[in-house]
Structures are given as structure tokens and as C-alpha cells.
Amino acid sequence: MSDLPPYDSFLLVSFGGPEGQDDVMPFLENVLRGKNVPRERMLEVAEHYAHFDGISPINQHNRELLAAIKSEFEANGIDLPVYWGNRNWTPYFSETLRQMKADGCKRTLAFFTSMFSCYSGCRQYREDIIAAREEVGDGAPIVEKVRMGFNHPGFVAAMADNIQTAAKSIDVSPGETKVLFTAHSIPMGMADNCDYEKQLRESSRLVAEACGATDWDLVYQSRSGPPSQPWLEPDVLDAIARLDDEQKLSSLIVLPIGFVSDHMEVLFDLDEEAAALCQERNIKMARAASAGTHPEFVSMIRGLVSERLGLTDEKPAIGDLGPWHDVCPQDCCTYTPRRPPSPVGAGRPNR
Ligand SMILES: C=CC1=C(C)c2cc3[nH]c(cc4nc(cc5[nH]c(cc1n2)c(C)c5CCC(=O)O)C(CCC(=O)O)=C4C)c(C)c3C=C
Ligand SMILES: [Fe+2]
Ligand SMILES: [Fe+2]
């Protein structure tokens with residue numbers, strides 16, 4: 001018998017985004033604190049946000065997702081109040097945990113809006129939550145994350161459905177067009193210590209299989225490191241140009257499988273930059289929607305919560321990797337930045 005209190009609440013754990021021009025720089029400073037990202041890149045991203053009056057849609061998406069989860073819980077007899085907290089913008093985790101404590105919550109199940117494991121999407125959130133619990137002090141609720149859903153049949157079905165819809169919009173079938181799955185690029189020092197690439201490749205393969213796409217690749221977007229630091233490649237724009245040079249693309253579907261909502265990185269990197277490149281090269285492009293509030297995705301979240309509540313013995317997962325762990329191992333998703341090579345002759349020789 002465990003001494004822990006029963007689960008009494010649900011927490012949506014996310015990234016946060018600016019809600020106006022004045023929020024943009026403080027938001028980016030939050031995002032980039034402790035990260036090796038050149039100031040020019042920060043200013044470049046600030047400019048992307050300016051295209052949309054400094055308003056990232058991510059907060060509104062999370063409000064909508066939270067409302068959909070609440071309805072899904074109610075429709076399925078799950079009686080848990082739902083909360084939402086962010087890493088980089090209000091409501092910050094500490095604000096939400098303080099509210100939860102005031103409401104009497106003792107132990108909560110958390111869904112992170114990251115479908116793939118890496119430092120940013122797993123360990124960093126867990127560290128943020130530990131820090132927020134310390135800030136709130138005694139009586140702050142215990143937070144436990146549900147397992148990663150990258151190979152859950154609900155996520156795969158939602159993604160496959162969104163590819164079908166995109167394909168229809170350009171009058172092709174998924175089997176007769178190139179499909180690119182995109183995810184946030186990460187530094188190799190981060191990729192080395194997690195299963196990000198492995199999960200992304202498996203999820204993309206499963207989605208492709210489910211919608212009948214046969215010609216697909218996994219590519220990356222939104223790289224933010226200095227040129228000296230290796231990040232996951234290829235970049236989506238380089239991949240489009242190369243594929244078109246090599247095999248003359250007539251059509252293309254791009255699915256941001258690595259993101260759960262169509263936030264700024266999707267709107268700018270894909271709907272502006274990739275779309276402009278495709279137009280220049282006469283490629284008929286459709287951008288498939290991310291998971292958003294797709295009913296299969298929302299039902300997956302309810303399923304992951306039900307498992308932890310002990311309402312079912314089943315842990316649905318398709319493909320080769322099986323259900324991901326419920327509790328992260330000690331060394332899960334650590335990040336050791338790779339040092340750039342030092343200039344020849346600089347410093348003391350190693351002895
Ligand atoms: C070292 C790695 C990363 C840097 C630097 C980085 C900069 C950066 N990111 C955003 C905006 C977003 N990033 C999001 C997700 C995300 N970011 C990274 C890594 C770095 N980002 C990863 C691995 C991920 C995926 C996992 C995750 O946390 O979701 C998102 C989406 C968040 C969501 O909940 O959907 C946004 C938005 C900016 C503006 C930025 C600065 C240059
Ligand atoms: Fe990011
Ligand atoms: Fe992890």
C-alpha cells in the first residue's frame with residue numbers, strides 16, 4: 001500500500017507564449033535562459049512574432065485543449081478538476097501550483113504538450129515543476145507525468161487523419177505525394193541523451209503506414225544554435241530544395257508531428273517560409289494540422305490518465321517500441337551541451 005494520496009486533479013503542462021508585442025522579449029529571455037543561443041537568433045525570432053503582432057496562438061490553443069479535456073473527462077466519468085501551467089509565460093507553474101494548493105489538490109496527473117522525449121520536453125519540465133513546488137512550499141501538490149504518447153493509436157490516428165485532410169486540399173492521395181514530418185531541431189548534445197529521434201522516426205513511420213503515405217522523410221525546423229554547434233538535420237527548407245533538385249516535387253505535404261499545436265514556429269517556419277519556397281519552385285504544398293483538439297488526440301489524453309487512475313489494464317501502443325515508461329528513470333533526458341572545438345593553440349595543453 002502506498003502512503004501517497006490518490007490522484008485528485010489534472011495538470012496541462014506547456015510552454016507558454018507572448019500575448020502582445022510587449023511580451024515578446026521577456027518571453028524570449030525566459031525561453032533562452034541558460035541556452036547557448038546567439039542574440040541575433042533571439043532578435044530574428046522576435047521579428048517572426050512581430051509578423052503576428054506579438055501574439056502566439058499557443059495560449060489560446062492550450063485553453064481550447066484544456067476545455068476539450070474537461071469535456072472528455074466529464075463524458076467518461078473522470079471526476080478531476082483540470083489546471084494549466086507554463087514554463088515561459090503566465091500562468092507559470094508556480095502560479096498554478098499555488099492555486100491548486102489553495103483548492104486542496106494533493107496529487108496531480110500531468111500531461112506535457114511534448115509528444116517526444118528530450119531535455120526540453122521532459123526533464124526540463126520536471127525540473128521546472130520541482131522548482132515551482134519548492135517556491136510554493138509545504139502542501140504543494142505532487143506532480144506525476146503520464147507516459148509519452150508518440151506511439152499511442154489515438155495520436156497516430158489523429159495525425160493520419162490530418163494528413164488525409166491536407167492531401168484532399170491539394171487533390172492528391174497520401175500515397176502519391178511526398179510527405180515531410182517535421183520536429184523542432186535540438187542540439188546533438190541533447191539528442192545524444194534521449195530517444196527523441198527514435199520516437200519521431202517510429203511515430204512518423206506509423207502515421208505514414210496508417211494513411212498510406214509511402215514516400216516520406218523526417219526533417220527538422222526552428223534551429224536556434226550558433227553555427228559552431230551541431231543540431232539535428234536536415235532542416236525542412238534545405239530538404240525541400242534538395243528533394244526538388246533531385247526528384248522534381250510536384251506536391252508536398254508537411255506535417256509538424258513534433259508539435260501539438262499550430263503555434264508560431266509552425267505558422268512562421270512552415271506556413272510562411274516553407275510555403276514561400278514551394279511557391280517559388282512550383283510545388284503544390286499543403287501543411288497538415290498538428291494535433292490541436294482532434295478528438296482522437298483528446299481521447300488519447302483521457303486514456304493515458306485512465307491508465308494511471310487504474311480504470312483500465314490496457315496500455316495501448318502500436319509499432320515496435322511498446323508503451324513508454326510511466327516514471328522516468330534517473331538519467332532520463334539529461335542534457336550535456338557539446339563543447340565547440342577550441343581554437344588551435346589556445347589554452348593549456350591537456351596533460
Ligand atoms: C536547446 C533547444 C531549444 C532551443 C534553444 C529552443 C528555442 C526556442 N523555442 C521556441 C519556441 C518553441 N519551442 C517549442 C518546443 C520545443 N523547443 C525545443 C528545444 C529548443 N527550443 C524542443 C525540443 C521542443 C519540443 C518539445 C517541447 O517542449 O514541446 C515550442 C512548442 C511547445 C509546445 O508546447 O507545443 C515552442 C513554441 C522559441 C521561440 C525559441 C527561441 C529561439
Ligand atoms: Fe523551442
Ligand atoms: Fe524523459
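Me: By class, how many residues of the shell around ligand 1 are nonpolar, polar and charged?
Reply: This is a predicted model. In it, 26 residues surround ligand 1, the closest being Phe15, Thr113, Ser114, Ser120 and Gly121. Sorted by class, the shell around ligand 1 holds three charged, 10 polar and 13 nonpolar residues.

Me: Which helix gives the most to the shell around ligand 1?
Reply: Domain 1 (9-149 + 294-309) and domain 2 (153-287) each provide at least three residues of this shell. At least two residues come from each of α1 (24-32), α2 (39-50), α5 (119-136) and α10 (264-280). The most, three residues, come from α1.

Me: Where on α4 do its buried residues lie, on the same side or on opposite sides?
Reply: Helix α4 (residues 93-102) has Phe93, Thr96, Leu97 and Met100 as its buried residues. They span an arc of only 95° around the axis, which means that they lie on the same side of α4. An α-helix has 3.6 residues a turn, so residues three or four places apart point the same way.

Me: Which residue in β2 does Leu11 stand opposite?
Reply: β2 (82-86) is among the elements that cover the buried residues of α4, as is β1 (9-14). Four of the five residues of β2 are buried, so β2 is largely enclosed by the rest of the structure. β1 and β2 pair in the parallel sense, over five bridges. In β2, the residue opposite Leu11 is Tyr83.

Terms used:
Residues numbered from 1 in each chain as written. Chains lettered and ligands numbered in written order. Predicted model: local features only at pLDDT ≥ 70, side-chain atom pairs only at ≥ 80, totals over all residues. Near = placed C-beta within 6 Å. Nonpolar A, V, L, I, M, F, W, Y, C, P; charged D, E, K, R; others polar. Domains from an automatic or database assignment. Buried ≥ 20, exposed ≤ 12 C-beta atoms within 10 Å, placed from the backbone. Arc of directions from axis to C-beta. Contact = placed C-beta atoms within 7 Å. Pairing = 2+ DSSP bridges.
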